[in-house]
Structures are given as C-alpha cells and as structure tokens.
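Please look over the sequence and the model first, and then read the notes grouped by topic below.

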Amino acid sequence: MLEEYPCTSTAANATKNPFNRVFLMWQQPDSLISTDEFLQIHAFLQWPSTNYLSEPRPPARSNDPHMFVTVGRTVDRTLNVNNQNITDQVHRSPATIEGMAVAYGSLVLMAVFPVFFGAIRSVKFHKSEVQKEKTSGVAAEKLSYSDAAMFPFFASGALLILYTVFKVFSKDNLNRIITSYFYCLGVLALCHLLSPVISKIIPGSIEKVTYRLQFTKSTRKMSINSIDYSFTTHDVISLMLCALLGLWYLFKKHWIANNLFGIAFAINGVEMLLLNNMIIGCILLGGLFVYDIFWVFYTDVMVTVAKSFEAPIKLVFPQDLLENGIAASNFAILGLGDIVVPGIFIAFLLRFDKSLKRKRSTYFYASFLAYVLGLGVTIYVMHMFKHAQPALLYLVPACVGLPILLALIKGDIGAMFKYEDLPKRSKNEKKEKKLKNVTDTKTGSNVETNTKANNQSNAGSKKKSQKTSASSDDSKKKK
C-alpha cells in the first residue's frame, strides 16, 4: 500500500473554517479577533463536531454568558471536540511539488535497493540451502502450494485482529510492546547485513575468534544438527553497534531509524524466502493482488493499521523535508509487503536465469524493470486521485506478465515452469541417503572396535616385549 498523508493547511484557506482560525490564534496568542469572528467560533464550539459538516450550525447570540471566554479556553475546547485527523491536517506543513518529487523519488530508490541486492544475495543463500540438504538429508524450508494459497487468508486475519485491537485498547501501550519486539528483530536483521562491513573496519588489534553454537539431535541410526551457528568476536561487536543504533528508533521513533530497520527486513526477506517454483509464485502474488485491492479500496482497515502500527513495517519519507529538514512530519509511506512480495518473485527469476547458464540474466532484469515502472504508475495514480493505492494492483501484473511474455517469445516458458529451487528427491535417493547414514554409523562403530582391538594388541605386544627383555637381562646377569 502506497499512501501520502493529506495536508490542506495553507495561509490562503486558514480562515475557511473556525477551527483553523482558532488554531492560528493559539499559535499567535497576542492576535486580536473581531466580534463576528468570535461569535462564529463560539457557535462552532457549541455545536457537536459530528454535525459540523452535515448540518447547519445555530446562529450565535450576543448575550450568551460564555461569550467572553478566553482564547486559551476556546482552543482547549476546540482541540477536545475535534478528532485527531483534523489536528494532524492543520499541524502538518503543506507539501510542495519539489518536496513530493524528493519524497517519491526517495521511496522508489529505497524500494528497489532491497529488491536488487536481496535477489543477488538469494543466489548464495540458495546454494547454501542446497548444500545443507545434501549433507544433512533434511529438506530445506520453502513455500508449498497450500502455504501460498492460504497466506492471503492468514494475512487478512492478522490484519483484522490488529484493527480490532487498536480500536478497543490503548494504542500507546500496544505500540510499546510492538516496538520492543521489533527492536530485537531489527537489531538482528541489521547485524546480519552490516556484520561483514563492520568486520572490515574493526582494527587488527582485536583478534577475530570464532565460536560455534551447535545443538544436535541424535538417534541410533543418524544424527541431525538442529542448530549449527558460527559467529566471531567481530560479529559480537557488530551486534552491539546495531543495538546502539536501534536505541535511536526505540526512544525517538525517528523516520531514518525506521527506514534502516525496514530496509534490513526487506533485504533479509527477499534473500531467505524461497518460492521453489513458478506456479507457487503466481498463486501467492495472485492471492495478495486480490487481498491488497480489497483491504485498501473497500475498507479503511489497512490504512488505519498502517497509521496506528508504530513498527518498521513500512518505509516513510517526508514531503516537507526541504522546508523542515529531518524534523519534517508530512510523510509518504510504502508498505514492506509491496517490496518483499514482488522481490521474492524477482529473486526467483534471477535463480532461474542462473540455472539456464547464460551470460545475461534476462528475466531478472525484465522483472526488475517492470517493478520500477509499476511503482511509478502507483505513485502517479495516487497523486492524481489523492487516495491510498494498493501497490500490488500495479506491481503484480507488471512483474508476472512481462517475464512470462518474454519467455513465450524466447521459447523458455516450459523451462520456466519446470524449474524448481529445491526439487523433491526420489524415493531411491532417500533410501540411498538412509543407507549411507546407517553404513556411516556402522563403519564408525567398526572403526571404534578396530581401534580398541589394535590398542589392546599393541598393549599385549608391548608387555611381551617387556617380559622378553627382562628375561634376557636376567640371563645375562646369571652368566
């Protein structure tokens, strides 16, 4: 979902309604108002805010006993009877054309960066998963057909739960819990990305010592490493630095810290989520295509959750950055789902290109170009209609349609739909793997028994040699 926060407060229309006039009086407490303006403000305050736009307000009476309330009390009552949306609308600075161009361009760059580099990293991750599967015999984690089909329903359920919780309970308390949880996840995600870079900067005086954390599940026939993680002292230093950076987000909720965590989540998601084949990717993207359209166009659920959910699940960039600097507050937002979901499909096409063993990654670059064009169309439509847009409405047809059309032209459509990241092993291969594990355990036990026998025989021979040498010494003494 791509959205810009509306902002209509300008000097020209500041006096079109009484609330804006009172807000300006609050900013300038020494300003004076006429009797007619005061009567209009007073009548506005006496009328319920729910009827402000739908029903006419009654005329003010000059003999009203509350006529001479102070401006401070007037502002307080105004802020109490009006909802937070009106307050935000007046408080935010107006967005200029230059500011919007900078914001939208920055969002596009922040979106394509995780897709491109996450896809490249996914190739190495895929090779490591294939190697682990061959050595351990345990199937790597991947999306199945049922997972792809049910994911939009699970996402809808989670979205409804969050919407209900934010409507019923206090947002502040919930966001404290959510922020703490995402702080831990964000620090780990950021450390995973920055650890190789930080390791090169650390001075050589700090020794790089490797540690290994391993949990093994052993049975009579075979043993499986459920957890096998290696890290170094440089990784620990990187974790500490990322934790300090995360404190900036934890206490300040600054948009730059939010974007750092969001980009880290997006790159790790594109890197580690494997679609396995083309059909699963089409099922997943097709389901989320309908999901995004429904929750954005037909309800206010997704927009409400996106604004209430204080967590790095979206990228934000201020449209008033040129006017207010890093303290700007008029944000355009892009959800991480609009980055990760197309990103894992684009990463799959890059791995397919690598399997063809050609010089150029044609389908990867085609889908990547389609993603950039789809983002551009989303921003244009949102700006024209002044309404939040489901980005997957434009991204899914572009990212799926263009590579398939190109494969039809080049004659690779059959290979594209047959390719699998982690193909299923046949029953014979599984049996051979089990037999190999059994033979390995048997040979290991045989080696142990043989070594024990050899040690015993060597010990016996040593004793015999010692006895013979002792007897020869005795005979020499007798002679």
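A residue is called buried under 20% relative accessible area, exposed over 50%, and partly exposed in between, with a 1.4 Å probe and protein chains only. At 28% relative accessibility, Arg121 therefore counts as partly exposed. The structure is a predicted model, in which local features need pLDDT of at least 70 and side-chain atom pairs count only at pLDDT 80 or more, while totals for chains, interfaces and linings use all residues. Residues are numbered from 1 along each chain as its sequence is written, and side-chain values use heavy atoms, with hydrogens and water left out.

**Salt bridges**

- A search of the whole structure finds three salt bridges, a salt bridge being a side-chain nitrogen of Lys or Arg within 4 Å of a carboxyl oxygen of Asp or Glu.
- Side chains of opposite charge can pair when their charged atoms come close.
- One of the salt bridges joins the side chains of Arg121 and Glu271, at 3.0 Å from N to O.
- This pair links distant parts of the chain, with Arg121 in helix H5 (residues 97-136) and Glu271 in helix H9 (residues 255-272), 150 residues apart; helices are DSSP runs of H or I with at least four residues, strands are runs of E with at least two, and both are numbered from the N terminus.
- Glu271 counts as buried because its relative accessibility is 6%.
- Arg351 and Asp421 form another salt bridge, their closest N and O atoms being 2.8 Å apart.
- Since Arg351 lies in helix H13 (residues 337-356) and Asp421 in the loop between helix H16 (413-418) and helix H17 (427-478), the pair ties together parts that are 70 residues apart in sequence.
- Arg351 is buried at 3% relative accessibility, and Asp421 is buried at 3% relative accessibility.
- Arg358 and Asp412 also meet in a salt bridge through their side chains (2.8 Å, N to O).
- Arg358 lies in the loop between H13 and H14 and Asp412 in the loop between helix H15 (392-410) and H16, so this pair ties together parts that are 54 residues apart in sequence.
- Arg358, at 41% relative accessibility, counts as partly exposed, whereas Asp412 is buried, with a relative accessible area of 7%.

- Strand E4 (residues 314-318) is mostly covered, as five of its five residues are buried.
- On one side of E4 the buried residues are Lys314, Val316 and Pro318, and on the other they are Leu315 and Phe317.
- E4 runs antiparallel to strand E5 (residues 331-335), and five bridges join the two; strands pair if DSSP finds at least two bridges between them.
- Lys314 has Gly335 as its bridge partner in E5.

**Annotated regions and helix H14**

- The unreviewed UniProt entry lists several residue ranges under "transmembrane region", including 181-202 and 362-385; such annotations may be inferred rather than shown by experiment.
- Residues 181-202 are 95% helix and 0% strand, with end C-alpha atoms 29 Å apart.
- Residues 362-385 are 100% helix and 0% strand, with end C-alpha atoms 35 Å apart.
- Val372 has its place in helix H14 (residues 362-385), and counts as partly exposed at 29% relative accessibility.
- The C-alpha atoms of Val372 and Leu109 are separated by 9.2 Å, although the two are 263 residues apart along the chain.
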